[in-house]
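Hi there,

Here is the structure I promised to pass on. Have a look at it first, and then read my notes below with the viewer open.

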Amino acid sequence: MLEIKDLHATVGGKEILKGINLTINSGEVHAIMGPNGAGKSTLSYVLSGRDGYEVTSGSVTYQGSDLLARSPDERACSGIFLAFQYPVEIPGVASATFLKTAVNAQRKFRGEDELDAMQFLKLVREKTKELDIKDDMLKRAVNVGFSGGEKKRNEVLQMALLEPKFMVLDETDSGLDIDALKIAADGVNRLRSPERSALVITHYQRLLDYIVPDFVHVLADGKIVKSGDKSLALELEEKGYADIDAA
Amino acid sequence: MNTLTALAQTYVDRFETALVTLPGKGDRNITTLRKSGLEIFRKADFPHKKIEDWRFTNLSEFSKGIANDTTAPGAEATSANFDAAMEIVFVDGSFSKVLSKLDNLPDGLSVTSFADELGKGAVLSLNEDEDRALVALNTAFMQDGFCIHVTESTAVDIPLIIRFKNTASNTGRHLRNRIILSENAKLTVLEIHEGSGRYFSNPMTTVALSEGAELNHYKLQKESTDAYHLALTEAEILQNAKYNNFSLSIGAKLSRNELNTSVLGADAESQLNGAYLMRGKQHCDTTTVTEHKVPNNTSKQIYKGVLDDRAKGVFQGKIHIHPDAQQVSGDQLSKALLLSDFAEVVCKPELEIYADDVKCSHGATSGELDEVALFYMESRGISKEQARMMLIEAFLADVLEEITDEPIKDFFSEQAADWLAEVADRNE
C-alpha cells in the first residue's frame, strides 16, 4: 500500500529525515518509536504534504503511484489521514460545518453524491454514539476550548467519518489519560481491516497495548535503525532509547 | 490667491450656473448658504495629506480630475437586490418618485426629498470649516437627499431601504440627508450605494435621536470600482437613545466612511461596526470620532477588513471623553486580514480621555490566514481555496453577528459570500 524509499527531507534547510526505507502492506499496522527529535513528526508531515517539509530525495509510492506529487487535500481524498499530535483550533468554524465540508469534499473526489444536511447529521450521530462523543461538540468551533482529551476524540471522530485507507497517528497518546487513550485506540481498532493500514507514531509503548502493531520500527536521527515485532516495543520500554542512540 | 486643483477649479467655475439650476434657486438664504460653502471650499480645496485626518487617504489623483474623466470607459454596474416594502430611490443624486416605493408608509413615518424641502426654503446646515472642505463643497452644490422623520413612540417594524444609483458623471453627487427620531421612536434603514462608471459621490447625513429613540442604520457601499465615495455621517444621541451603525464596504476605487457620533445623555449608546472587503487597488478609509460629553453612557466599535491584491485599508478611530463624562465605557476593535503580501492596512486608534472614572479599550490587529489551520483543513480533504474561504468567513462571522436584523444580516452575509466567491473563482 505504501512504500517509502530512501526518503530524505529537510525542514528550514536542516536535514531531518536521512534515508528512510519502509514498506507497509494492506492490513498492516506499523509502529514507529524513537527518541524526541528523531524525525517522527517530520515523517508524518512529509506523508501528509505540509508546506515547509521539503523532500530532497527518495520516493513515496502510495497505491502504486507517486504520493509526493499530490497536494495535501488530494492525499486526504485518496485515503490518507493524519491524526495530529496537536489538533488545530479554528475559531469561527463550527465543527459540524468543518466535518461536513471534509466528508463532502472526499465524496466529491470519489465521484459520489454529496450528503445533504439531514444525511450528514444522521451519519455523524451514528459515529458520535459509537465513539461515546457528546453531540454538543459539533456546535462548537473546531477544537476551540476543547480539552486535550476532547481534541483527540475529535480526531478519532474525523477518522471514523472519513474512513481513511491509510492512517498516520502522530503521538495520539500524548496528553491523554488512560480512559481517553482507550477511546482513541478503540476508534482506530474499529477501522482495522484487511484493506486498511496504519502508521502509529509514539514515544511510549503504552499506546501499543491498545493498538497492537504487526511491526515496530525504531527511528533515530532520521533513519530506521531497528525493526521487529511488538516485542521490540516492550524491550524499548524496559531499556529505553539509550542503547539505540549509541548504535 | 492660491492655485486650485483642477477638479476644485471646475467646481468654482461651474458654481454660478449651478446656482440657477439647483433646488432652492432664487431663495436668498439658500443662495447665501451656498456662497459661503463655496468660499470655504475655494480657500481649502480638496483635502490633502498635510491635513492630519487625511494623511493616509490621498485624494491627489482624484482632485487632479483625471479620475473623473467620463470619456474613458468605466467599471461595470454594481447592484444589490433586497426585497423592500418601502424604498426611496435616488438616481444620479436626484429623487426618483417612479422608482421609489413610498405609497404605504406606516403612520408616524415621513420620508421626503430634500430637494423639495430646499424648494420650500428649508435649510439644513452642517459645521463647515477649512478642515471640512467636502462639507463646504456639499453645501455649495447640495442637490437632494432623504429627509426621514419618525414621530414620538412610533416603532417602524419594517426596514426602509434608501437606494442611490449612480452613473458616470463628471459632476459630483452631493447629497444632504437627515434622519430625525422623536422620543422613543424606532427605525431601521438600509442605505445601498451602487453604480456604474466614473463618478464622485459625496453624501452627508445627519442623525438626531431624541430620548429613548433607537436607530439601526445599515449601509452597503457597493459603488462602481471606478467611483469615489466620500461620505460623512453625524449622529447626536440623547438620553437612553441607541444608535447602531453597520457599514459593509465592497465597492469604489477610493472610499471614505466618516462617522462622528456625540453621546449626549445617560444610558445612551453609540455602536459603530462594519466590515470592508477590498481587492485590486481599492482604498477604503473608515474614520470615526465618538464624543462622550456627559456621564453614564457607552460606545462600542468593531471593524473587520479583508484586503487582497494591492488594496489598502485605513482605520482611524477616536474616542473622546470630555471632563464631566464619568462612568463611561468605550470599546474599540479593528482587525484586518491581509490576503496578499502587497495589501496594506493602517490603523490609528486614539483615546482622548479627560475624565478619571471611565473604562476604555482599544485594539488593532492585522494578520494573514493561519497556515496551520489551512493545512489542518487540507489534510482532511478540503481544497486550499475552500479552506481559505472558510477561514475568511470565520474571520468576518463575529462582526456580522453584530447585525440584529436577521434579513439584513443574511443580505450582508450574502454580499460578503459573493465577494469571496469572486475572489475564489479568480484564484482557481
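**Helix α7 of chain A**

In helix α7 of chain A (residues 230-239), the buried residues are L232(A), A233(A) and L236(A). They share one side of α7(A), because they span an arc of only 105 degrees around the axis. There is a handy rule behind this: an α-helix has 3.6 residues a turn, so residues three or four places apart point the same way. Turn to the other side of α7(A) and you'll find S231(A) and E238(A), which are exposed. By the way, please keep in mind that this is a predicted model.

What do the buried residues of α7(A) pack against? Three strands of chain A: β3 (29-33), β11 (215-220) and β12 (223-228). Just after the helix comes G240(A), with a positive phi of about 75 degrees.

**The sheet in chain A**

Those strands belong to an open sheet of 6 strands in chain A, in the order β6-β9-β10-β3-β11-β12, with mixed pairing. At the edges sit β6 (80-83) and β12 of chain A, each pairing on one side only. From one strand to the next, the twist averages 20 degrees. If pairing is new to you: strands of a sheet pair through backbone hydrogen bonds, either parallel or antiparallel.

On one side, 4 bridges join β6(A) to β9(A), and the two run parallel. β9 (residues 166-170) is also joined to β10 (residues 197-202) of chain A by 5 bridges, again in parallel. You can trace this through M167(A): its bridge partner in β10(A) is A198(A), while F81(A) has M167(A) as its partner in β9(A). One more pair to click on is F166(A), which stands opposite S197(A) in β10(A).

Is β9(A) mostly covered or mostly open? It is mostly covered, with 5 of its 5 residues buried. In a regular strand the side chains alternate between the two faces of the sheet. Here F166(A), V168(A) and D170(A) are buried on one side of β9(A), and M167(A) and L169(A) are buried on the other.

Helix α1 (residues 40-48) of chain A lies across β3, β6, β9, β10 and β11 of chain A, at about 145 degrees to β9(A).

**Two aspartates with positive phi**

D221(A) has a phi near 50 degrees, which is a positive value in a residue other than glycine. You'll find D221(A) in the loop between β11 and β12 of chain A. D221(A) is partly exposed, with 15 other C-beta atoms within 10 Å.

Over in chain B, D92(B) also has a positive phi near 50 degrees. D92(B) is in the loop between β1 (86-91) and β2 (94-101) of chain B. It counts as partly exposed, with 18 C-beta neighbours inside 10 Å.

**Chain B as a whole**

Chain B has 8 helices and 20 strands. Its radius of gyration is 21 Å, close to the 22 Å that the globule rule gives for 428 residues, so chain B is as compact as a globular protein of that length. Its C-alpha atoms fill a box of roughly 70 × 55 × 45 Å along the principal axes. Of the 428 residues in chain B, 52% are buried. Among contacts in chain B between residues at least 6 apart in sequence, 84% join residues at least 24 apart.

Cheers!

Terms used:
Residues are numbered from 1 along each chain as its sequence is written. Chains are lettered from A and ligands numbered from 1 in the order in which they are written. This is a predicted model: local features need pLDDT of at least 70, side-chain atom pairs count only at pLDDT 80 or more; totals for chains, interfaces and linings use all residues. A residue is buried if 20 or more other C-beta atoms lie within 10 Å of its own, exposed if 12 or fewer, and partly exposed in between; C-beta atoms are placed from the backbone. The arc is that of the directions from the helix axis to the C-beta atoms. Two residues are in contact if their C-beta atoms, placed from the backbone, lie within 7 Å. Two strands pair if DSSP finds at least two bridges between them. Axes are lines fitted to C-alpha atoms, for helices over the stretch in contact, and angles run from 0 to 180 degrees between N-to-C directions. The radius of gyration is taken over C-alpha atoms; the globule rule is 2.2 Å times the number of residues to the power 0.38.
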